[in-house]
Amino acid sequence: MVFLLMLCVTGLPLIFAHEIDHWLHDVEAPELSGDVGPASVDAILADARSRRPGDAVQFLVAEPEEPDLWYVRMGTSPLSSDMSAFYTYDARTGEFLYDYPLGRGFMDVMLRLHVDMYAGLPGTLFLGAMGVLLLVSIVSGAVLYAPFMRKLPFGRVRRSRSVRVKWLDVHNLLGIVTLVWLFVVSLTGVINTLSIPIFGQWQSTELAEMTAPYLHEEPVSGYGSVDAVLDTIDETAPEKALSFLAFPGNDFASPGHYVAFMQGTTALSSKLLTPILIDAGSAAFVETRDLPWYVQTLLLSQPLHFGDYGGMPMKLLWALLDILAIVVLGSGVYLWLKARNVGFESWLGRVEESRQTALASRSVTE
Amino acid sequence: MNARRHRSAVQVWRMPVILGASTAVGLAAALLADGAGDVISWLALGVPAIVAIAYALKNDD
């Protein structure tokens with residue numbers, strides 16, 4: 001219960017993570033007069049590599065809402081598990097704009113507590129298990145709702161009765177009203193905790209299958225131009241937008257391939273990704289394949305958990321429903337403690353009673 | 001107490017089902033369409049939020 005309350009509380013500021021980020025770190029593309037660019041991505045990557053000579057580029061990231069920015073994610077190796085820098089560049093001039101401070105600040109603490117409690121994958125999976133418990137308690141709460149409400153009209157809060165009755169009514173009211181929302185947010189949260197195993201499954205089956213025919217080939221000596229890779233992407237999927245490009249050697253690519261993850265441009269398809277395999281040496285198109293259902297499920301679970309797919313009014317409603325959920329959980333804890341207390345007292349009473357009768361029977365026999 | 005008679009399952013579950021359906025519509029609309037879908041989402045998700053607050057603050061006892 002404590003963990004569930006912690007998830008709801010840390011989740012509240014995270015709803016506005018994007019806005020808080022923009023406010024704390026001014027990463028807007030500067031105003032430019034006239035049409036400039038686009039800048040060479042190869043030059044941008046060369047600049048990023050010169051800033052951290054020992055490191056490797058893992059991903060080139062794009063954001064459809066920020067068409068004038070490129071983000072470069074670097075790590076101490078091409079593998080995806082570690083991130084050493086996250087740079088922002090102007091996509092028109094190629095100018096270096098920002099070095100995102102990693103692992104620092106209030107929002108980072110909120111995110112880590114919410115995602116893994118600083119315990120990595122085991123922490124994430126533990127919170128996933130907590131989420132499953134929340135789903136179970138939501139269902140049991142819904143089952144208990146009917147017997148409680150058989151004598152009360154909907155939403156009745158008996159204020160004149162004891163504090164416990166008042167909070168029971170508030171718990172029932174807010175619990176039943178937020179039921180579907182909290183169930184969906186919990187379920188999609190649990191699915192999100194499985195993102196590493198889910199992507200791992202895709203990497204070891206479908207991605208491995210796609211790249212298997214090329215494994216016997218000589219490793220590419222020099223990587224070709226990323227600008228050429230981006231041109232290939234535009235020709236292959238002109239109706240889609242790049243979400244991120246995984247670099248050769250990364251878990252999301254292969255030693256000899258780039259993999260471009262493309263998103264659609266409609267409301268629903270923009271949440272889904274299609275991988276395109278591109279030869280690292282020649283920048284030629286190799287293959288594209290839809291992601292399997294379990295990755296698509298994960299991708300659709302993300303917006304439904306974050307509440308970031310309907311603008312600011314949706315975020316405000318998400319925050320409001322989250323606050324109501326905090327009241328439901330808090331009152332649930334209170335009622336549970338109260339019920340145990342009462343049980344404990346009556347248990348004490350029974351103990352005292354049996355002691356008295358024992359004493360009385362002894363005095364009779366004496 | 002005037003609520004001596006038991007309420008039927010339909011009476012007990014009418015509001016929860018309406019609110020649950022409204023929430024579901026709200027969650028789905030913005031995912032399926034931009035623009036109008038977003039507006040439908042705001043209205044549909046606003047229903048449970050407003051009902052919760054209105055009843056929680058109502059002085060009926």
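This is a predicted model: local features need pLDDT of at least 70, side-chain atom pairs count only at pLDDT 80 or more; totals for chains, interfaces and linings use all residues.
F154(A) is buried, its relative accessible area being 12%. A search of the whole structure returns 19 aromatic pairs over all chains. In one of them, the ring centres of F154(A) and Y55(B) are 5.1 Å apart and the planes stand at 85 degrees, so the arrangement is edge-to-face. Because F154(A) is located in the loop between α5 (120-149) and α6 (163-177) of chain A, and Y55(B) in helix α2 of chain B, this pair joins two chains. Y55(B) has a relative accessible area of 22% and is therefore partly exposed, whereas F154(A) is buried.

A further aromatic pair is formed by Y309(A) and W318(A), with 6.3 Å from centre to centre and 80 degrees between the planes, again edge-to-face. Both Y309(A) and W318(A) are buried.

The contact between the chains involves 37 residues of chain B and 38 residues of chain A. About 3300 Å² is buried between chain B and chain A, with 70% of this area on carbon and sulfur atoms. On the side of chain B that touches chain A, α1 (9-32) and α2 (36-57) of chain B each contribute at least two residues. By class, that side of chain B comprises 23 nonpolar, 7 polar and 7 charged residues. Across the interface, 7 residue pairs are found in polar contact, with both residues at pLDDT 80 or more, while the number of salt bridges between chain B and chain A is 0.

The loop between α5 and α6 of chain A, which holds F154(A), also contains P153(A). With a relative accessibility of 31%, P153(A) is partly exposed. The C-alpha atoms of P153(A) and F106(A) are separated by 44 Å, the two residues being 47 positions apart along the chain.

Over all chains, the whole structure contains 10 salt bridges. One of these connects D169(A) with R158(A), whose closest N and O atoms are 2.8 Å apart. The pair links distant parts of the chain, D169(A) lying in helix α6 of chain A and R158(A) in the loop between α5 and α6 of chain A, 11 residues apart. D169(A) and R158(A) are both buried, and the relative accessible area of D169(A) is 2%. Apart from neighbours within four places in sequence, D169(A) is in contact with L152(A), R156(A), V157(A) and R158(A).

Other salt bridges were identified in chain A. D55(A) is paired with R52(A), with 2.6 Å between the closest N and O atoms. In this pair, D55(A) is buried at a relative accessible area of 16%, whereas R52(A) is partly exposed at 30% relative accessibility. R289(A) forms a salt bridge with E287(A), for which the closest N and O atoms are 3.1 Å apart. Here R289(A) is partly exposed, with a relative accessible area of 26%, and E287(A) is likewise partly exposed, at 22% relative accessibility. Finally, D68(A), D90(A) and R92(A) are connected in a network of salt bridges.

Conventions:
Residues are numbered from 1 along each chain as its sequence is written. Chains are lettered from A and ligands numbered from 1 in the order in which they are written. Side-chain values use heavy atoms; hydrogens and water are left out. Contact means heavy atoms within 4.5 Å. Buried area is the accessible area (1.4 Å probe) that two parts lose on being put together, summed over both. A salt bridge is a side-chain nitrogen of Lys or Arg within 4 Å of a carboxyl oxygen of Asp or Glu. A polar contact is a pair of N or O atoms within 3.5 Å; within protein, one must be able to donate a hydrogen and the other to accept it, and residues adjacent in sequence count only if both atoms are side-chain atoms. Helices (H or I, at least four residues) and strands (E, at least two) are DSSP runs, numbered from the N terminus. Ala, Val, Leu, Ile, Met, Phe, Trp, Tyr, Cys and Pro count as nonpolar, Asp, Glu, Lys and Arg as charged, and the others, Gly among them, as polar. Rings of Phe, Tyr and Trp (its six-membered ring) pair if their centres lie within 6.5 Å; planes under 30 degrees apart count as stacked, over 60 as edge-to-face and the rest as tilted. Buried means under 20% relative accessible area, exposed over 50%, partly exposed in between (1.4 Å probe, protein chains only).
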